Amino acid sequence: MTLPAWSRRPGAVAIQAAVLLAVVVLVAMAAANAATNLGRLGINAGFGFLGRPTGFAISQSLIPYSETSTYLRALAVAALNTVVLALLSAALATPIGFAVGIGRRSSNGLVNALATGYVEVIRNVPLLLQLFFWYFAMLRPLPPPRQSLSLLGVGFLSVRGLALPWPQAEPGLGVVLIALLAGILLAILAAALLARRRVATGAAPPAWPPMLALVAGLPLLAAIVEGFPLRWELPHLSGFNFEGGVLVQPELVAMTLALAFYSAAYIAEIVRAGLDAVPRGQVEAARALGLRPRTVSARIVVPQSLRVILPPLGNEYLRLFRNTTLAPAIAYPDLTLIFAGTALNQTAQPFEVMVIVCAAYLAINLAASAAINAYNRHLARFAR
Amino acid sequence: MRNLFRSLMPALALAALLAATAQAGTLEDVKQRGKLVCGVAPNVAGFAFADDKGVIRGFDIEFCRALAAAVLGDPDKIELKPLQPRDAFAQIQNGAVDILTHRFTWTYTRDNGAGMRFLMVYIYDGQGFMVKKASGIKSATELNGASICIGQGTTTELNIADYFRAHNMKYQIVSFAELDEARRAYEAGRCDAWSNDRGSLAARGMQLAKREDHVILPETISKEPIGPVVRQGDQQWANVARWTFFSLITAEELGVTRENVDEMKAKSENPEVKRLLGVTDDLGQKNGLDNAWAYNAIKAVGNYGEIFDRYLGPKTPLGLERGVNRLWKDGGLLYSPPFR
């Protein structure tokens with residue numbers, strides 16, 4: 001039987017308690033002092049403004065928003081914009097980073113030099129400058145909306161962005177979505193059954209035809225029955241700008257490209273380090289056993305290097321997320337621009353606004369961090 | 001990183017605010033320090049810009065210099081802090097700067113419940129639009145559906161929202177953290193129009209590659225009374241600054257200039273001139289200043305009209321007309337309470 005901690009080391013516990021108490025007292029004193037000072041300076045305090053209409057517009061919102069919406073909704077719009085930007089950038093940075101990282105180990109001199117050059121140039125130029133580069137390099141050559149480049153008549157590329165068709169739901173879409181969900185569930189079930197059969201009999205027929213039939217076939221069937229309940233709304237030029245469909249704005253594209261290429265340089269180095277961490281002897285041993293190069297990669301090198309790659313890769317994703325705060329420089333309406341910028345100016349309550357913005361970033365980042373850690377733990381279980 | 005740091009500035013400044021305890025009067029602080037700290041706009045042609053020797057000069061700066069001359073007797077005893085609009089509030093609230101001789105519009109929200117006090121109006125401006133001549137747009141009412149580039153940190157967003165809603169027009173806002181980026185994006189064709197205070201459009205428009213290809217539309221969609229700001233709760237300091245600036249307007253009204261101020265002080269028989277320049281009465285002492293306070297200010301920077309002509313007027317690259325910024329007796333809005 002173990003004794004409780006305090007009876008084993010009473011001194012250490014007492015010190016910890018004293019430190020905790022000191023921190024609590026200090027925070028309480030600071031809060032009281034702040035309240036007094038704010039009152040003395042005649043500064044409005046409190047979060048009441050969150051329920052008030054903002055009166056300003058936001059150039060990109062994934063949820064309905066207008067000037068009559070509240071600050072709380074503006075916060076949601078801005079946070080979503082930040083998350084979308086981070087996800088898109090991470091999704092693009094990862095494959096580029098892996099390709100460049102593998103290129104860094106290539107025995108082909110040209111590939112190797114290109115990959116090395118990429119990493120060194122991108123890593124050593126400040127991200128803010130790269131943002132401006134992508135943004136203005138993209139704006140200059142693009143034509144004005146009236147002379148926009150037509151993409152087969154359904155999409156239009158101009159200096160205002162990329163106008164694309166957007167699906168509009170019609171009655172019956174729900175049935176198709178349910179069919180899709182059912183298809184995915186059945187496919188998972190089928191995969192499990194196939195795996196069991198393989199273990200029992202050793203027969204390993206290709207798994208993808210039945211899976212594809214379930215995931216794609218079921219919703220397709222439902223769509224035919226319901227008469228394709230989806231209408232594509234085409235963008236058209238009206239006055240100065242495009243209307244209808246969806247407009248991917250140049251700010252989002254430039255931000256995504258800059259962040260993705262920047263993070264990819266770091267991811268490349270992480271990948272290279274991970275690949276280098278697999279002892280050379282293992283590869284040689286595998287080859288000596290007569291395994292094909294593809295099998296050596298897929299079964300020996302990649303699984304082992306992933307264990308080295310993933311923790312710093314998670315770090316890099318978190319860093320990419322924090323780098324999104326440079327968005328105001330090129331007018332991408334993220335949390336920093338809309339909340340730490342416009343909302344702060346309009347409310348003249350910098351303290352509350354900064355607390356909200358910090359809390360929002362912290363919450364999103366902690367959630368991402370938790371997901372990455374969970375995956376790392378999952379992976380660590382297979383580490384032998 | 002520069003921007004990241006900037007966005008943290010309000011938080012840092014507020015951390016200082018939380019730690020701050022009761023301060024002595026700003027006037028005493030400034031005298032003891034021997035230096036006046038002014039928050040100014042970062043790089044606006046005509047208003048606050050670095051000249052070819054790297055010295056920050058301009059219309060706004062002259063008001064800082066005038067106040068330093070009135071309080072310390074020397075217009076050069078100043079420290080200028082270029083501040084982005086969003087940082088400026090926190091800096092004045094926590095006492096890191098003594099006064100903002102910036103480009104802030106006097107509005108209700110900023111004057112009430114934000115710990116700040118607007119003193120007077122040193123320039124009456126209004127928000128306008130600049131468009132490319134080739135677009136053929138002649139009036140702001142033709143901007144339905146347009147994309148509009150702006151720099152945030154002012155009242156700009158709300159003015160546009162109100163104007164377009166009132167005229168039942170649609171628009172798309174593209175708001176940049178920095179005013180110069182808004183100009184660059186407009187120039188690159190990202191937007192149909194670029195909006196800011198007319199004074200700023202004129203000032204920043206100087207940096208367009210081909211200024212003659214652009215035109216400022218006739219509509220003024222907002223009232224932008226721009227004036228100096230001090231911290232709330234220091235009545236003496238507010239009075240000192242407000243009356244120093246009024247003295248420059250009164251000087252123009254009375255015909256006192258930088259050149260003739262010595263002569264006027266020695267010879268003028270006009271009782272108001274005598275009171276203003278401290279020959280009779282003790283106006284300065286009532287505010288804890290030398291009686292030559294206004295004399296020092298006028299001697300240093302000249303009267304209001306001289307300052308305007310030097311940095312903004314028709315003979316400068318900006319070429320702004322006095323317009324509503326003329327004296328009341330010439331049909332403008334500038335009006336100083338009497339010195340008696």
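A residue is treated as buried if 20 or more other C-beta atoms lie within 10 Å of its own, as exposed if 12 or fewer do, and as partly exposed in between, with C-beta atoms placed from the backbone. The structure is a predicted model, in which local features need pLDDT of at least 70 and side-chain atom pairs count only at pLDDT 80 or more, while totals for chains, interfaces and linings use all residues. Residues are numbered from 1 along each chain as its sequence is written, and chains are lettered from A and ligands numbered from 1 in the order in which they are written.

Asn43(B) belongs to the loop between strand 1 (36-40) and strand 2 (49-50) of chain B; helices (H or I, at least four residues) and strands (E, at least two) are DSSP runs, numbered from the N terminus. The phi angle of Asn43(B), a residue other than glycine, is positive, near 55°. Most residues other than glycine have a negative phi. A positive phi, of about 65°, also occurs at Ala331(A), which is not a glycine. Ala331(A) is located in the loop between helix 10 (293-323) and helix 11 of chain A and counts as buried, with 31 C-beta neighbours inside 10 Å.

Chain B contains 14 helices and 14 strands. Its radius of gyration, taken over C-alpha atoms, is 21 Å, close to the 20 Å that the globule rule (2.2 Å times the number of residues to the power 0.38) gives for 340 residues, so chain B is as compact as a globular protein of that length. The C-alpha trace of chain B spans about 60 × 50 × 40 Å along its principal axes, and 52% of the 340 residues of chain B count as buried. Two residues are in contact if their C-beta atoms, placed from the backbone, lie within 7 Å. Of the contacts in chain B with a separation of 6 or more, 73% involve residues 24 or more positions apart.

The domain assignment of chain B gives domain 1 (2-124 + 226-325) and domain 2 (127-222), the bounds being taken from an automatic or database domain assignment. The C-alpha centres of domain 1 and domain 2 of chain B are 29 Å apart. Domain 1 of chain B supplies 14 residues to the contact and domain 2 of chain B supplies 10 residues. On the side of domain 1 of chain B that touches domain 2 of chain B, 8 residues are nonpolar, 5 polar and 1 charged. In this classification Ala, Val, Leu, Ile, Met, Phe, Trp, Tyr, Cys and Pro count as nonpolar, Asp, Glu, Lys and Arg as charged, and the others, Gly among them, as polar.

In chain B, 5 strands form an open sheet of mixed pairing in the order 10-9-11-8-12, two strands being paired if DSSP finds at least two bridges between them. Strand 10 (171-176) and strand 12 of chain B are the edge strands, each pairing on one side only. The twist averages 30° from one strand to the next. Helix 7 (residues 179-187) of chain B packs on the sheet and touches strand 9, strand 10 and strand 11 of chain B; its direction makes about 150° with that of strand 9 of chain B. Here axes are lines fitted to C-alpha atoms, for helices over the stretch in contact, and angles run from 0 to 180 degrees between N-to-C directions.

Strand 9 (residues 146-151) and strand 10 of chain B pair in the parallel sense over 6 bridges, with Ala146(B) opposite Tyr171(B). Strand 8 (residues 127-132) of chain B runs antiparallel to strand 11 (residues 193-197) of chain B, to which 5 bridges join it, and Gln127(B) has Asp197(B) as its bridge partner. Strand 8 of chain B is also antiparallel to strand 12 (residues 214-216) of chain B, through 3 bridges, and Val131(B) is partnered by Val215(B). Strand 8 of chain B is largely enclosed by the rest of the structure, because 5 of its 6 residues are buried.

Between the chains, 44 residues of chain A are in contact with 46 residues of chain B. Helix 11 of chain A gives the most to the side of chain A that touches chain B, with 8 residues. By class, this side of chain A has 25 nonpolar, 15 polar and 4 charged residues.
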